[in-house]
Amino acid sequence: MTGLVRQYGTLIALIAIVVVFSIASPGAFGSMSNLVNITQQMTLLAIVAIGATVVMAVGEFDLSTASIVSFGGIFVVYLLKLGVPAPLACFLVLAVAALFGAVSGYVVSRFQVLSFIATLATGTIIGGITFWVSDGATLLGDIPAGFRDMARGHMLGLPTLTWWLIAIALVVWILLDKLEFGRRLYAIGGNREAARLAGVRIVSNTTAAFVVSAVLSALVGILLTARIGSASPTGGGGYLLTAYAAVFLGMTAFREGEANLPGTVVGAAIIAVIGNGLTILGVSTFLQDIITGTIILSAVLVRRIGRGAA
């Protein structure tokens with residue numbers, strides 16, 4: 001029983017939080033439509049967190065994710081306003097983001113620069129490019145309806161955004177847990193020198209992890225723009241810390257101490273459920289931040305204390 005709680009404690013906590021909010025507000029929070037709505041609300045955060053999970057699998061951090069989210073939104077609107085077809089505009093945004101990720105990953109792995117410093121620098125550069133392209137203003141208008149449909153509407157009873165999350169989570173789960181590529185990433189994250197001696201290519205695999213993170217962050221920028229119909233040069237600012245909070249919450253579940261995709265999705269769900277529940281209860285935004293941070297810190301501390309007592 002203790003082992004079950006230790007392994008699935010975070011998932012049990014998610015269920016408990018849902019039950020508490022359902023009792024507190026059965027008509028609003030506990031309705032099926034709201035629970036489906038939560039899956040849509042957590043999508044963008046979860047996708048950024050999934051990218052962060054891939055980078056953390058190699059034992060690194062990517063602090064440029066928020067800047068790339070903002071860049072993705074601004075650059076795609078900029079291209080659309082130039083008359084570039086939406087599919088080509090999205091492809092170009094993702095390709096440039098992949099280049100950003102490749103630069104960060106190569107600098108970190110080839111020159112052994114701390115990822116905190118390298119990605120802080122590349123994120124600052126990307127942020128500067130974003131403000132330069134947008135002239136520091138929110139971009140809107142000239143956004144085709146077909147492009148906006150990427151993040152709107154429903155399919156088979158679920159929001160379109162939720163299907164994006166399901167598809168991406170499935171692909172990255174296969175990438176990390178079922179393919180040799182994922183085993184190489186975890187080998188690098190576990191012991192870089194041992195992985196190198198075992199024949200794992202450190203530079204190419206680490207660079208690939210950063211590319212995945214950057215592409216997913218840019219995709220979030222595109223989806224965010226499609227959803228709200230505009231793009232702000234600071235639109236990705238709120239995703240960095242919450243995404244890593246989701247990853248760290250997830251590291252206390254399923255595979256303790258190791259970034260893993262199921263845990264990250266559960267972590268993102270906890271953050272989304274708390275935000276949704278507190279909003280329905282009428283709690284102010286400032287108090288929501290305090291309560292959310294306290295719950296996350298408490299969850300991690302309880303797990304750590306429980307492990308120490310075991």
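This is a predicted model: local features need pLDDT of at least 70, side-chain atom pairs count only at pLDDT 80 or more; totals for chains, interfaces and linings use all residues.
Axes here are lines fitted to C-alpha atoms, for helices over the stretch in contact, and the angles between their N-to-C directions run from 0 to 180 degrees.

**Helices H3 and H8**

The axes of H3 (residues 43-57) and H8 (residues 160-177) come within 9 Å of each other and cross at roughly 15°. Angles under 35 degrees count as roughly parallel, so H3 is roughly parallel to H8. The crossing of H3 past H8 is left-handed. On the H3 side, the residues in contact are Thr-43, Leu-44, Ala-46, Ile-47, Ile-50, Thr-53 and Val-54; on the H8 side, they are Leu-161, Thr-162, Leu-165, Ile-168, Ala-169, Val-172 and Leu-176. Sorted by class, this contact has 11 nonpolar and three polar residues, with no charged ones.

Is Thr-43 buried or exposed? Thr-43 is buried, because its relative accessible area is 0%, and the cut-off for buried is under 20%.

| Helix pair | Angle | Axis distance |
|---|---|---|
| H3 and H8 | roughly 15° | within 9 Å |
| H4 and H11 | about 50° | 7 Å |
| H12 and H13 | about 125° | 7 Å |

H4 (residues 65-81) and H11 (residues 202-228) are oblique to each other, and H4 passes H11 in a right-handed crossing. Among the H4 residues in this contact are Gly-72, Gly-73 and Val-76, while H11 contributes residues including Ser-213, Ala-214 and Gly-221. The contact of H4 with H11 counts eight nonpolar, seven polar and no charged residues.

For H12 (residues 239-250) and H13 (residues 261-280), the angle is about 125°, which makes H12 oblique to H13. H12 also passes H13 in a right-handed crossing. Here Thr-242, Ala-245, Ala-246, Val-247, Leu-249 and Gly-250 of H12 meet Gly-263, Thr-264, Gly-267, Ala-268, Ile-270 and Ile-271 of H13. These residues divide into seven nonpolar, five polar and no charged.

**The nonpolar core**

How many residues does the largest nonpolar core have? It has 86, and those with the most contacts inside it are Ile-50, Val-76, Phe-147, Val-172 and Leu-185. Val-172 touches Ile-50, Val-54, Leu-216 and Leu-261, again not counting residues up to four places away in sequence. Ile-50 and Val-172 also take part in the contact of H3 with H8, and Val-76 belongs to the contact of H4 with H11.

Methods: Residues are numbered from 1 along each chain as its sequence is written. Side-chain values use heavy atoms; hydrogens and water are left out. Helices (H or I, at least four residues) and strands (E, at least two) are DSSP runs, numbered from the N terminus. Angles under 35 degrees count as roughly parallel, over 145 as roughly antiparallel, 65 to 115 as roughly perpendicular and the rest as oblique. A crossing is left-handed if the near helix is turned anticlockwise from the far one by less than a right angle, and right-handed if clockwise. Contact means heavy atoms within 4.5 Å. Ala, Val, Leu, Ile, Met, Phe, Trp, Tyr, Cys and Pro count as nonpolar, Asp, Glu, Lys and Arg as charged, and the others, Gly among them, as polar. A nonpolar core is a set of buried Ala, Val, Leu, Ile, Met, Phe, Trp, Tyr and Cys residues joined through side-chain atoms within 4.5 Å. Buried means under 20% relative accessible area, exposed over 50%, partly exposed in between (1.4 Å probe, protein chains only).
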